There are 2 protein chains.
Amino acid sequence: MKIIQKPREMQDTADGLRRAGKRIAFIPTMGFLHEGHLSLMQEGRRRAETVVASVFVNPTQFGPKEDLSSYPRDFERDRKMMDSIGVDIVFCPTGEDIYPRGYQTYVTVEEVTLNLCGASRPHHFRGVATVVTKLFHLVKPHVALFGNKDFQQLVVIQRMVRDLDLDVEIVGCAIVREPDGLAMSSRNTHLSPEERREALSLKRSLDEARDLFRSGERGAEGLLARVRGILSSQPAIRIDYLKICDPDTLRDIDPIQDRAVLAIAAYVGRTRLIDNYVFPECLEEGR
Amino acid sequence: MKIIQKPREMQDTADGLRRAGKRIAFIPTMGFLHEGHLSLMQEGRRRAETVVASVFVNPTQFGPKEDLSSYPRDFERDRKMMDSIGVDIVFCPTGEDIYPRGYQTYVTVEEVTLNLCGASRPHHFRGVATVVTKLFHLVKPHVALFGNKDFQQLVVIQRMVRDLDLDVEIVGCAIVREPDGLAMSSRNTHLSPEERREALSLKRSLDEARDLFRSGERGAEGLLARVRGILSSQPAIRIDYLKICDPDTLRDIDPIQDRAVLAIAAYVGRTRLIDNYVFPECLEEGR
């Protein structure tokens with residue numbers, strides 16, 4: 001497994017791979033890897049000859065009061081995990097490598113960033129779209145893989161790739177969960193045992209909404225009330241948002257007619273977690 | 001000479017050229033070509049095996065009160081000119097091809113767009129940066145050529161390419177002028193004979209500023225006063241801006257210590273023209 005820090009070396013390496021006719025799969029991460037990341041890398045392995053993963057805690061997608069400094073990091077652990085599943089190249093630039101002095105260019109995606117996390121995290125998706133554009137230019141992938149947990153991020157990147165004519169296939173992959181249902185997240189490491197237990201109510205509330213939907217409920221308010229009731233009974237949980245949206249435009253919808261996503265963001269203690277459910281289950285891998 | 005309208009076909013063609021090891025030079029234009037454009041295409045010819053030019057009057061770089069609808073167009077004439085000098089591929093998409101329904105992604109370059117044309121044409125450079133990013137993704141050039149007349153545009157694109165790690169060499173080429181000194185521009189076609197005569201004062205005022213500089217003047221105010229005096233004596237001319245700036249940051253400077261650009265934008269009748277002079281002559285081709 002090759003480790004590359006410098007953008008220019010990454011770009012030259014990608015160029016060489018392309019000239020040699022190799023197909024490149026790319027998984028961008030912020031490190032502190034979990035099974036969700038590894039499942040993306042394994043899917044990349046199935047889809048291309050060369051798997052490149054990046055580890056970069058991107059400062060431009062954190063707000064001034066957010067958890068950039070406390071975001072968990074452990075490169076040695078990440079490196080071993082990636083090595084063990086056959087990642088070919090790890091790209092791990094520094095902040096200065098990606099945003100040198102004088103940096104001033106940003107990619108913004110407008111409508112699909114207005115709702116959900118975009119509403120409570122201004123500039124977050126500008127940071128995501130910008131760094132993913134840069135990483136695509138450096139890694140030159142044929143296919144890039146993202147988890148469905150960060151549902152809005154996936155929609156933003158799909159929209160951006162289409163709008164900017166980036167020649168990259170975007171694949172969204174199923175949420176990977178702990179055995180008890182908690183969606184895998186690097187931020188789970190911050191949860192106390194009590195918070196960890198309360199955090200299970202996110203998935204439980206999504207399951208309840210799914211059952212209510214299956215029993216015939218189509219009204220967004222009815223479905224969301226059920227979710228709100230479950231989350232509100234947990235003392236450590238503070239809801240950031242609960243929404244039912246069109247999965248393409250991310251506009252609120254009510255009632256559900258065709259496709260829809262129920263998205264949750266909530267603080268569990270001081271840790272912000274997200275989860276979602278797509279009903280009816282229309283979002284297959286690689287939507 | 002091959003003519004391509006559809007983005008997907010352009011991208012596939014570019015991909016094929018790259019796979020075959022061909023070097024691609026790219027000249028983006030808004031059509032109604034003149035000797036300035038042709039000189040860029042000839043320079044492209046010297047630098048690559050395949051020369052691609054685009055003809056696209058980009059709506060997102062025009063303000064609501066600007067001359068999008070009256071911008072001159074004559075594709076048949078353009079086609080013949082490009083054919084005669086050996087352009088290999090002309091890419092001429094429609095507005096709908098480039099900005100389909102639901103389009104919502106933009107590239108912004110911040111500091112270098114604040115002054116000069118960026119100040120009087122809000123969103124102009126957002127439109128330029130966005131369309132050039134898209135065209136680069138579709139044409140996949142190794143090298144792209146731009147004229148120094150649109151000096152700020154060249155600086156914005158250089159900055160954007162560096163910031164977004166686009167793997168394209170940007171070459172700025174010398175301003176091409178009519179025999180009497182008027183900088184070539186598609187908009188010159190709008191000038192009446194009287195306006196055409198008055199428009200010569202742009203170049204004349206730059207020459208005077210150059211002579212004043214050579215005689216020792218370093219103060220921006222002194223140099224700009226000379227330019228203003230010459231332009232103000234022309235009844236059809238209304239100055240939009242006169243500035244002396246650092247050629248990298250485009251911030252105003254006074255006095256000139258090292259490198260500087262004197263930039264003029266002025267309405268001649270209803271036609272907005274720009275011109276500039278870099279002193280000392282530090283901006284060689286391919287800066």
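Mentor: In this predicted model, copies are superposed by least squares on the C-alpha atoms of residues with pLDDT of at least 70 in both.

Trainee: With that in mind, by what turn can chain A be laid on chain B?

Mentor: Chain A can be laid on chain B with an RMSD of 0.0 Å, and the shift along the axis is 0.0 Å. The two copies are thus related as by a two-fold rotation axis, and the C-alpha of chain A nearest that axis, at 2.3 Å, belongs to Val107(A).

Trainee: Which element gives the largest share of the side of chain A that touches chain B?

Mentor: The contact takes 22 residues from chain A and 23 residues from chain B. On the side of chain A, at least two residues each come from α1, β5, α6 and α7, and the residues of that side divide into nine nonpolar, six polar and seven charged. The largest share, five residues, comes from β5(A).

Trainee: In β5(B), which residue is the bridge partner of Tyr106(A)?

Mentor: Strand β5(A) is joined to strand β5 of chain B, residues 105-109, by five bridges, and the two strands run antiparallel. Within this pairing, the bridge partner of Tyr106(A) in β5(B) is Thr108(B).

Trainee: Turning to the sheet within chain A, which strands stand at the edges?

Mentor: Chain A has an open sheet of six strands with parallel pairing, in the order β1-β4-β3-β2-β6-β7, and the twist averages 25 degrees from one strand to the next. Each edge strand has a single partner strand, so one side of each is left without a neighbour in the sheet. For one of them, the pairing with β4(A) runs over three bridges in the parallel sense, with Lys2(A) opposite Ile89(A). The strands at the edges are β1 and β7 of chain A.

Trainee: Which strands does α7(A) lie across?

Mentor: Helix α6(A) lies across β2, β3 and β4 of chain A, running at about 145 degrees to β2(A). Helix α7(A), running at about 170 degrees to β7(A), lies across β6 and β7 of chain A.

Trainee: In chain B, is the crossing of α6(B) with α7(B) right-handed or left-handed?

Mentor: The axes of α6(B) and α7(B) come within 10 Å and cross at roughly 50 degrees, which makes α6(B) oblique to α7(B). Among the residues that meet are Phe125(B) and Val128(B) from α6(B), with Ile157(B) and Met160(B) from α7(B), and the contact comprises seven nonpolar residues, one polar and no charged. The crossing of α6(B) with α7(B) is right-handed.

How values were computed
Residues numbered from 1 in each chain as written. Chains lettered and ligands numbered in written order. Predicted model: local features only at pLDDT ≥ 70, side-chain atom pairs only at ≥ 80, totals over all residues. Axes fitted to C-alpha atoms, helices over the stretch in contact; angles between N-to-C directions. Helix = DSSP H or I, 4+ residues; strand = E, 2+ residues; numbered from the N terminus. Parallel < 35°, antiparallel > 145°, perpendicular 65-115°, else oblique. Left-handed = near helix turned anticlockwise from the far one by under 90°. Contact = placed C-beta atoms within 7 Å. Nonpolar A, V, L, I, M, F, W, Y, C, P; charged D, E, K, R; others polar. Pairing = 2+ DSSP bridges.
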